[in-house]
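Subject: Handing over the three-chain model

Hi,

Here is the structure I promised to pass on to you. Have a look at it first, and then read my notes below.

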Amino acid sequence: MKNSKARDFIHKFSIYIILVAMFIICAIVNDNFLSARNLINVARQLSVGTILAYGEMLLVIAGLIDLSVGSVLALAGVLSIAAYQSTGSLLVGFLVAIAVGVACNFINAILVTHFDVPAFIATLAMQMSARGAALRFTNGQNLLQLKDYTVFGQGNLGPIPMPVVFMIIITIITWYIMTHTRFGRSLYAIGGNEGAAIASGINVKRNKYIIYIINGIFAGIAGVLFMSRVNAGLPNGAVGYEMEGLTATIVGGTSFSGGVGTTMGTLAGGFIIGFLNNIMNLMGVDSYVQQIVKGIIIALAVVADIRSKNKKTQKVILAADDNDDKKEKAAAK
Amino acid sequence: MRVSGINKSFPGVKALDNVNFAVRKGTVHALCGENGAGKSTLMKIINGIYKADSGQIFLDEKPVTIKDPIQARDYGIAMIAQELNYVPEMSIEENLFLGRLPVTKFGNVDWKRVRRETIEFLRQENLPYKPDQKLKTLTVSDIQMLEIIKAISNNAQIVIMDEPTSAITNREVEVLFGKIAELKKKGVSIIYISHKMEEVFRIADDITVLRDGKTVETHPASEIDLDKVIALMVGRKMDNVYPKEEVEIGEPILEIEGLGSKGVFKDINFKANKGEIVGFAGLMGAGRTETMRAIFGLDPYDEGKIKVHGKEVTIKKVSDSIAQKVVMLSEDRRRYGIIPIRSVMENASISSLDKIIYGGRWHPKVEKELVSKYFEKMHVKTPSLETAIQGLSGGNQQKVLLAKWMLRDPDVLILDEPTRGIDVGAKFEIYRLMTDLVKEGKTVIMVSSELPELIGMCDRIYIMNKGRITGCLSKDEFSQETIMRYAM
Amino acid sequence: MKKKVISAILCAAMVSTMAVGCSSSDSKKDSKSDKKDGYKVAYIARAQEDSFAAWLADEMRAAFKKTGDMSLEVFDGEANDEKENSIIENCIANGYDGIIVQANNGEAQLPYIQQIVEADIPCITTNPRVECEGTGSVDADPYEQAKVNCELALKKIPKNAKVVVLQGPAGNFHSTKRREAWKKEFFDKRSDVKILAEDIANWNKDEAMQLMEDWVQAYGKIDAVISMNDNMAAGAIEAVKDNAKYKNMQAYGVDGTAEACLLIKEGKMTSTGLQSAIDLAKMNTEAMHDVLTGKKKVTDINDNVPAPLITSDNVDEYIQMYKDNGQIKE
């Protein structure tokens, strides 16, 4: 019995154990890894991906997905910079990014909930359109001379880089949504079994709109951080960032079949991916090999997810039977 | 066929413990037992899906080893599973010849022969279908019939039927029983698994009871009665199958006036009173489920009024009816009931989030107390509150879902086929809960295809046919014959 | 009902696009029979997503407009060989008077460029040049663009310097050629210089920035960044912008983008070899005009745009150029 408790513990916290193990290994294999500068560096690098991962997490838990987030980020980013350049107001720039993110995702939500387009297809369409819009708007050229706009991505709040500040705030918001709101709780039900969620009185359609809108807000913020960090409006930037976000989400234990996932798991997933990228660059691993390694990590994460799920179910069924038997026997006596 | 000394263990539990039983040629042998008693495991061993740890299977007194279902088929063993596995997009003929398509001398599929033989089969069985019709256009019972035909066309000598009547109407059950009689005449043996005792006693020649993975007793059906079988199954004596108590009937709580939905149901009028259990009988497809779904806000309705406590209400979505304290337990537990991967606690609290998340915070303690309270009341058996609901037996899942609605303290509880596919013990507890509820002054509406339970539990029974209410019987008028007359 | 509405909208969209497509091809046929309207030329761009290719396409449009007797239609190959090849086929079928191809991948487009030649349509390949009999070419030589940087770097990069190298996408023609120039014209001559790290940043500023951030942590001191384009050089510079230790770091790029010019002006970047879309477009336009008016044979066209080196000495001239076309404000 004790043994199985230990196993449960390991299972429940496996992602954090992997994270800690990885941290230790990184520290051992490379002297520079543990330097404060490098750690701040890693945190700054992984913040955009992790913010996107939270949006994807909400969606994947509810059985949805967003493949458009990289493109929407770019569109929101370039429009935000243009707004800033023409008004000179950072606030306007910031709000435009959020508005663009929300608008694109509102369209995603309409397609998904109203016209029953599979989320995969609807957001794939948005991926193309948003990217096209970003390129059209800039004529394919990078926007330059960002001036004060870089404060979002390059500034610091005390010792903490601004992107990390945003990531921490969004982590807390996401955690709060998932654990302390009825909306968050409903997402698990929607992704776990939509029919049952409807029959339990959950307004599934409205909730899907809300998820996409939150995802849009996150995408907009990520767009501001991304562009201001690189000090340019890159209409062809962040290609494939939806995969960055999804990878962190899935590695962090969110089930691709919906209904399962936690904020802290996703945060851990984001850090695992961030550490991995960082250590491979520190060690001078070439980018071909990096791709191979990342592919393997994703495959392993999903295999682990599926295996643990199967085992858990089997164990539980037997345990329930076991329990039944015991109680029955006790009752008989 | 005979099996002897079969043992099978799964990690942590002994599923079968020295099981013995024998099936005589040309007879129906019923296998009874509660869920988890080992019936399915035993059948899977016979069908070659599982391998026994020890023990022997004999066919015509010759020891055989069955490695997989294909080998089982070669030995003349066919299994018709409870959950019919079929590809909806497949045509009848493809399904019928699945895995054994005849080939011409050139090695290509002989579709002409397939077509010819399929037409012949369909004609013999009086099934009004075309060979190239897709399976999804057929009714469940006809698909089942096809499975049986398939088994016979494979020259099966032993046909295993696992809960064959769980999804078909009474009339279709008659057709099935006719078929079984025909098979018996041909010398085919049938192993029949069912929770429905009436059926077992109608068709079984022998009855074997399994409990906790052991064969308890085998008797010829003529030498044993219902109470004895149930006592053997649960290991103790059950005094009364239907724990109905007399409750004072009060004023109407739910009144439906002229409810209709185009092409589905029409002109539905009924009342359900305080303290009353109202039954809804009818054949499958009579519109009972559809009517209840509309009242609950799952489907829209075009016309008519719904009154709760005498006041007209608008029900557009499920949350509207929950607000009126009218709730419904769906017949389709998998689609509209459980959220498989989430814990039993979350499944129970999902409709009462306002009671556990308020003031901007989640109150886990409140949730735990609330859920535990109703689980105790409902006798839910679960290893822990964190256990995923998919790990529970059907009966326990059903009790969790009932607890979910009890948390909302409903005035009207609509139960659609609440006892389908669950074992005798759990059935009894659900009946008892219904009794408790009406004693507290609630109203229960029970839709069921099992007439004995309607007759045993209800105060009034409405009968539906082709989307209309065709009759309403009060307690002194109850009889299976009368109900069936209105239903057809 | 919903489905009906959607399908109706879809049908309408399809019909209208078809109508637009048909009418434009009709007008082309007319123009062919009546040359007074001017010559119809097709330009098949590699990918509108690529900022240089997009700029080139813009400059092509502008340059053709100025000629008065030629009109240009631009197509987008979307960085996809198959797409680009089918556009070529369509252009042949649509009877353009001349076709300019910016190959995505020379090998893959070669058979289709041969089809253009067989159809007797004058064809110019540009940026990159595709070697194919019967065609002409106008190009900016990537080797040359990097070489001008190398000449400066030979003088400027200190002895025993430690450098990092940033490459474009794997297998990219321009990246490969530029890297080859750096090897032959610099690294082979300066065996004292050590390459600390070298990786692919896919022409991207953000990827180069992240690589550089990590390299700074790993190697402590880097004397120079050698980048196969300006975008990546700018990313590397961005990563060390506020780091006092890197104040004197040198950075070399290629392309001569507006951003690179600004960085050179600020003293953060050392030099870049200009690949001028304006010049490239101008030469393409002139060459095509000469061919269509019979002044030259297409096979005689074999030009290279000059690749001037931009340094702090002459950067103002180029900043003015970008101010004129609006890419730099003020």
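Before the notes on the helices, one definition: helices (H or I, at least four residues) and strands (E, at least two) are DSSP runs, numbered from the N terminus. Please also keep in mind that this is a predicted model, in which local features need pLDDT of at least 70 and side-chain atom pairs count only at pLDDT 80 or more, while totals for chains, interfaces and linings use all residues. Residues are numbered from 1 along each chain as its sequence is written, and chains are lettered from A and ligands numbered from 1 in the order in which they are written.

Chain A

The unreviewed UniProt entry annotates residues 13-30, 51-84, 90-112, 157-178 and 209-227 of chain A as "transmembrane region". UniProt positions are given in the numbering used here, feature names are shortened, and annotations may be inferred rather than shown by experiment. Residues 90-112 of chain A are 100% helix and 0% strand, with end C-alpha atoms 33 Å apart. Residues 51-84 of chain A are 79% helix and 0% strand, and here the end C-alpha atoms are 22 Å apart.

Helix α5 (residues 90-114) of chain A packs against helix α11 (residues 204-230) of chain A at an angle of about 145 degrees, their axes being 7 Å apart. Axes here are lines fitted to C-alpha atoms, for helices over the stretch in contact, and angles run from 0 to 180 degrees between N-to-C directions. The crossing of α5(A) and α11(A) is right-handed (left-handed if the near helix is turned anticlockwise from the far one by less than a right angle, right-handed if clockwise). In this contact there are 16 nonpolar, eight polar and two charged residues. For these classes, Ala, Val, Leu, Ile, Met, Phe, Trp, Tyr, Cys and Pro count as nonpolar, Asp, Glu, Lys and Arg as charged, and the others, Gly among them, as polar.

How the chains meet

Two residues are in contact if their C-beta atoms, placed from the backbone, lie within 7 Å. Chains B and C have no contact, and their closest C-alpha atoms lie 16 Å apart.

Between chains A and C, 27 residues of chain A are in contact with 30 residues of chain C. On the chain C side, the elements that each supply at least two residues include α1 (2-33), α2 (51-67) and β7 (194-200). The most comes from α7(C), with 10 residues. By class, this side of chain C has 12 nonpolar, seven polar and 11 charged residues.

Chain C

The domain assignment (bounds come from an automatic or database assignment) gives chain C a domain 1 of 37-139 + 277-305 and a domain 2 of 143-275 + 311-325. Their centres, taken over C-alpha atoms, are separated by 30 Å.

Chain C also has an open sheet of six strands with mixed pairing, in the order β7-β6-β8-β9-β10-β12. Its edges are β7 and β12 (309-310) of chain C, each with a single partner strand, so one side of each has no neighbour in the sheet. Within the sheet, β6 (residues 162-167) and β8 (residues 224-227) of chain C pair in the parallel sense over four bridges (two strands pair if DSSP finds at least two bridges between them). Val163(C) is found opposite Ala224(C) in β8(C).

One detail to check by eye: the peptide bond from Asn127(C) to Pro128(C) is cis, with omega near 5 degrees. Pro128(C) sits in the loop between β4 (123-126) and β5 (136-140) of chain C.

Chain B

Here β11 (residues 252-261) of chain B runs antiparallel to β12 (residues 265-273) of chain B, joined by six bridges. β11(B) is also joined to β14 (residues 303-308) of chain B, again antiparallel, by five bridges. Ile256(B) stands opposite Phe270(B) in β12(B), and its bridge partner in β14(B) is Ile306(B).

Two backbone angles may interest you. Gly263(B), in the hairpin of β11(B) and β12(B), has a positive phi near 75 degrees. His309(B) has a positive phi near 55 degrees although it is a residue other than glycine, and its place is in the loop between β14 and β15 (311-313) of chain B.

Enjoy exploring!

Best wishes
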